[in-house]
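Thank you all for coming; I would like to walk you through a few local features, one after another. Please keep the sequence and the model open while I talk.

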Amino acid sequence: MKKLVLVDGHAVFHRAYHALPPLTTSKGELVNAVFGFTSMLLRAINDIKPEYIAVAFDRAEPTFRHQAYTGYKAQRVAAPEELHEQMPRSKEVLEVLNIPIFELAGYEADDIIGTLVDQGSKINDLEIIIVTGDRDTLQLLRPRVKIYTPGKSFSDVVYYDEKITKEKYGLEPGQLIDFKALAGDASDNIPGVRGIGEKGATKLLQEFGSVENVYKNLDKIPERTRKLLEADAEAAVMSKSLATIDQDTPIKLELSKCVLADYDKEAATNLFLDLEFRSLLPKLPGSEQKTSSKNAKAGGQEGLFDKEKEEKTGTNEQLDAVLRRMEEWGVLIDQKKLDQFSEEINKEIGKLEKQIYKEVGHEFNLNSPKQLSTVLYDELNLVPERSTRIKTHKSTDEATLSTLSAAHPVIESILRYRELFKLKSTYVDALPAQIGSDGRIHTHYHADTTRTGRLSSKNPNLQNIPARGEWGDKIRSAFITPKGSVLLSADYNQIELRVMAHMSGDKELKRVFEAGEDIHTQAAAAAFNKKLKEVTKEDRRVAKIINFGIMYGISPFGLAKQLKIEHGEAREIIERYFSRFPAVKEWMGTTLRDAYEKGFVETLGGFKRYVLEMRSNNQTVRKLGERIAVNSPIQGTAADIIKKAMVEIFNTPQILNDKSKMILQVHDELVFEVPEKELKQTAKMVKEIMEDCFKLDVPLVVELKSGKNWGQMKSLPS
C-alpha cells in the first residue's frame, strides 16, 4: 500500500519554535524554528517512507471561523517577529526538496489537510499519515488514516489511529468535534458550554453520541447539567461549527504533483550548509543514515543545544517523578460548596448586569467585545489612553478599560462583572466537572524547560486561583481534607527579594534579611525619605508595589501609571530606592549587558532563559525583553529552589507515605495533606528541608499554616 504524508506546516513550525531554545548560525541568523521544522519533516520521511508528500500552511487572512465568531483565537498573543522571520527559510527547505505547498486564503491548514484526507480516502490502496503538532486533526482519523505527532518532548513521536484514540479519549474520532462543542477549547477560545468540562462532555457523548442527540434527550439528563446545557445551547452549536474541520475546501489532490521525487541534492546540501544544519545532512532523502564522526559532533549552536537538552533531561527526571505522583494523589474537593458558590456568584452577576444596563440605558451582550466596544466608544464616546484596534473594533481588554475607570461609573461595574464571570466559568463551575470518582481533582503539572523554568498546571490550572479576596478564599475553602487529616501550607517568605539580595550582593538589602527586618518597611523609608517610625501602612503597601516593580524592571512611566502619580515623582522614588540599595541597580545593568551580549540569562540552578525579544527592531518588544532579562534570573532561581525542595521532600520517607501527601504546588507554596497527629513533626521536617535545600547569602524563611481547608488556614508557631 502506498503512503501519502500530509504535513501541517503551521502546527509543526510553531511547535518547533516554542520547543527549542534559540539556535543561531555563526552569522547570527536565528534558525531554531527552521531547524525543528526540518528535523521533524526529515524524521517523518525516514520513518514513514512515503511515496507522496505535501505540506499545508495557514494564511494571514481571517478565516470563515473569525467571520462567524469574532472571539475565535482572539486571546492568543501575536506571534513574535522572530518566528515570522524564519517562515521563508522553512518554505525554502520545502522548495529545495521539491515538496509541494498548499495554502488557501480564508482557511486554516487543518481545513486543507481535511479536504486532502477526504479526497485521498477515496483512492484505493492509499494510506494517509498526517504529520502535525496539533491534535485537532484527530477528528479526521478513519480506516487507512493515521496521525504522527511529537510527544511530550519534540524529539519523541506518537502514532494515533482510530483504536488508540478511542482508548485514550473514550470517544470515536468524529465525536471529538462534539467534545469541543461541549467542553470548549481554551487554546482556540472556543467557548463550549460553561460548567460542563471535559469529564462531563465525555460522559454525555458516551451516553448520547453527539451534541444534537444530547439536546434531543435533555429530559434524561440530571437537572444541574440540563440547566447548563439549556443556558448555552447557542454556544454549543456555534462551538461545534468552529471545531469542525472543513473537508470541502476548493483544492484538489493530484498525487502526481505530490510524488516524493528526485530533488537537486547539491542545492539541498548547500542550503543546509548555509543554515549550518550539518547534523541533518545524513537525513536528507536518499542519504546514508549512518552519521559520520565529523557530523556526529555537530558544531556551533546545534551541539550546544544537544548538550543542554541532555543535561535538562537528567536534571528533570526526579522532578518528573515527583509531579506524576502528586497528580496521582490529587486534592480532595467539596463539590457541594462549589455548587453553593455557583448560586451565590450567579446572583451577584445578575445584580451587576442590571446595574450595567441601567448605567448604559439598554441591554446588550456583555460577553461580546464588539458590542461592548460599540457601547463604550460609539454610544458613550469614551476615549481610552491606549486605543488598540482588534480586528473590527477597539480593544476592550482589562488594561484598556482600566484607563477609563474615572471617565464613567459603568467601567468599574464591567471590570467587576468580568472578574466574577471568569471566576465562575474557570473555577466555580468548571472544577466540579473535573472531580474524579475518588472525589479528588488530579491536575497535570508541567515543568517548563525551555522558556521560564517555572512549574505550571492545567486541567485544571490551579496556579491562578486568587490568593486573596472574598472569592479567592471561598474557592480555596472547597479544597478540603479527609477525616483525621489537615492541610499544611509551607510558603517561602519573599523568596524573590531574597534571591535579588543574593544576586546583587547589595550590603543593605542583605543586612535587612539577615536581621529579620521587614523589607517593605525599609523600602518605604527609602522611597519616601522617611524614618522607620514614620512609615504608615499605606506607605508599606506602596513600597511592596515598588519592591516587586523594581524586580520586573519597572520604568518611571510604568510606576507612575501603577501608583497614579506624576512621572517626576515616580522617577524620584526609584532614584531614592537605588540610592539606598545601589548594588541592585549595578547588578541590573550588568545583567542587561550580559543578556545583550550572550542572548540569554541564567538562574543560580543553571537554567538558561533565552531573551529573543532583546534582538527585536521593535522598541516595545525590546523593552519587554529587558524586563524579562532582569526578572528571569530572580524568578527562575525561585523556581529552582522550590523544585529542589520538592525533590528532597519526596525522597524523605519520614514525610510522605500512604496518608501524608504533597498535593499542591502554587508559585512559592507547597500544600500537604497530613494526618492531624503527625502535623507538628511533618511541619518541622518540611520547614527544615525547604530552608536548607539551597544556600543563599541571606536566609530562606518558610511560613507554615494549617487548617481543614485551603481557604481558612492559621499560622503555625515557628
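Predicted model: local features only at pLDDT ≥ 70, side-chain atom pairs only at ≥ 80, totals over all residues.

Strand β5 and strand β6 (residues 157–160) pair in the antiparallel sense over four bridges, where pairing requires that DSSP finds at least two bridges between two strands. Across that pairing, Tyr148 stands opposite Tyr159 in β6. On strand β4 (residues 126–131) the sense is parallel, and β4 and β5 are joined over four bridges, with Ile129 having Lys146 in β5 as its bridge partner. The names come from DSSP runs, in which helices are H or I over at least four residues and strands are E over at least two, numbered from the N terminus.

Residues are numbered from 1 along each chain as its sequence is written, and side-chain values use heavy atoms, with hydrogens and water left out.

Is β5 enclosed or open? Five of the six residues of β5 (residues 145–150) are buried, so the strand is largely enclosed by the rest of the structure; buried means under 20% relative accessible area, exposed means over 50%, and partly exposed lies in between, with a 1.4 Å probe and protein chains only.

Next comes helix α7 (residues 162–169), at whose start a side-chain oxygen of Asp161 reaches to within 3.2 Å of the backbone nitrogen of Lys163. After α7 comes Gly170, which has a positive phi near 70°.

Lys49, in the loop between α2 (32–48) and β2 (52–56), has a phi near 55°, and at 60% relative accessibility Lys49 counts as exposed. Asn529, in the loop between α24 (519–527) and α25 (537–551), also has a phi near 55°, and Asn529 is exposed with a relative accessible area of 63%.

Which residues does Thr249 touch, if we do not count those up to four places away in sequence? They are Leu104, Tyr107, Asp111, Ile112 and Thr115, where contact means heavy atoms within 4.5 Å. Thr249 sits in the loop between α12 (233–243) and α13 (265–275), and counts as buried because its relative accessibility is 4%. The side chains of Thr249 and Thr115 are joined by a polar contact of 2.8 Å, that is, a pair of N or O atoms within 3.5 Å, one able to donate a hydrogen and the other to accept it, with residues adjacent in sequence counting only if both atoms are side-chain atoms.
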